[in-house]
Amino acid sequence: MASDELAAKLQRRLDIGDQQPGSEPKCGSGYEQGAEEKPATAAADNELSAKLLRRGELNDGSAEPQQPSLRVINPYTEFKEFSRKQIRDMEGMFRRYDAGKDGFIDLMELKLMMEKLEAPQTHLSLKNMIKEVDEDFDGKLSFREFLLIFRKAAAGELAEDSGLHVLAQLSEINVSTEGVKGAKTFFEAKVQAINSANRFEQEIKEEQEEKKKQAEQKKQKQAAFKELQSAFK
């Protein structure tokens, strides 16, 4: 009897698992009605567990991120706190460091950017920089997420010791005023100015040296000519 009852219970559970969604369950004992509710509850628990596990794996870097949705945005309407000139400058900076030209700045491209700004970061710091604005958890920065860096900087929401604060600070894109000087970063512009000044000074020195050299040659020629003249007297 016990074995027959156990077999009936197992068959009942299999029947419940095989039922089509929306179909009416068969009437039975209270035990069987409770069995009908368990699969739905278990499915919800499994789905939640899977999401939490997925989030944990992404945070740990042990799982490949899912393909992000290609969300189309209009930065001029979504980021109204910035002028069109500022957004164009941010876009120029984003494209310059998007070495793969795929519309994203990944970990290695962010690493290169920070090195170009002479503010190199550790691997963990780079991951934290992305994580702070990575809304879709794909492990890289879209242009919208890149704009969020400057929104947070303008709102004073970035910790002073954070990598994103350093990035925004070294950028020539001034998010506190309407006036900006261009798409180049502050560091690159400063280096360019220094190099230009040094090159100008070097050119002046070279011209002065050339003039001295020409004057010395002229003086030697005049001395040689005078010596030649005295020989014929």
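This is a predicted model: local features need pLDDT of at least 70, side-chain atom pairs count only at pLDDT 80 or more; totals for chains, interfaces and linings use all residues.
As for ground rules, local features need pLDDT of at least 70 and side-chain atom pairs count only at pLDDT 80 or more, while totals for chains, interfaces and linings use all residues. Residues are numbered from 1 along each chain as its sequence is written, and side-chain values use heavy atoms, with hydrogens and water left out.

The protein has nine helices and two strands, taken as DSSP runs numbered from the N terminus (helices are H or I, at least four residues; strands are E, at least two). Starting at the N terminus, the order of elements reads α-α-α-α-β-α-α-β-α-α-α. Of its 233 residues, 24% count as buried, where buried means under 20% relative accessible area, exposed over 50% and partly exposed in between (1.4 Å probe, protein chains only). Contact here means heavy atoms within 4.5 Å. Among contacts between residues at least 6 apart in sequence, 51% join residues at least 24 apart.

The largest nonpolar core holds 29 residues, and L110, M113, F146, F150 and L167 touch the most other members. Such a core is a set of buried Ala, Val, Leu, Ile, Met, Phe, Trp, Tyr and Cys residues joined through side-chain atoms within 4.5 Å. Two or more of its residues come from each of helix 4 (84–97), helix 5 (107–116), helix 6 (123–133), helix 7 (143–154) and helix 8 (163–170). Helix 7 gives the largest share, six residues. Looking at L110 with its neighbours within four places in sequence set aside, the contacts are I105, L126, M129, I130 and L167.

Next come the helix pairs. Two packed helices are described by the angle between their axes and the distance between the axes. The axes are lines fitted to C-alpha atoms, for helices over the stretch in contact, and angles run from 0 to 180 degrees between N-to-C directions. Helix 6 and helix 8 pack at about 85°, with axes 8 Å apart, so the two are roughly perpendicular; angles under 35 degrees count as roughly parallel, over 145 as roughly antiparallel, 65 to 115 as roughly perpendicular and the rest as oblique. On the helix 6 side M129, E132 and V133 meet G163, L164 and L167 of helix 8. By class, this contact has four nonpolar, one polar and one charged residues, with Ala, Val, Leu, Ile, Met, Phe, Trp, Tyr, Cys and Pro counted as nonpolar, Asp, Glu, Lys and Arg as charged, and the others, Gly among them, as polar.

L164, in helix 8, is buried, with a relative accessible area of 1%. Not counting residues up to four places away in sequence, L164 touches M129, E132, V133, I149 and L158. The C-alpha atoms of L164 and N128 are 9.1 Å apart, although 36 residues separate the two along the chain.

Helix 4 and helix 7 pack at about 120°, with axes 10 Å apart, and are therefore oblique to each other. Helix 4 contributes I87, M90, E91, M93 and F94 to the contact, and helix 7 contributes F143, F146, L147 and F150. By class, that makes eight nonpolar, no polar and one charged residues.

E118 sits in the loop between helix 5 and helix 6 and is exposed, with a relative accessible area of 60%. F137 lies in the loop between helix 6 and strand 2 (141–142) and is partly exposed, at 35% relative accessible area.
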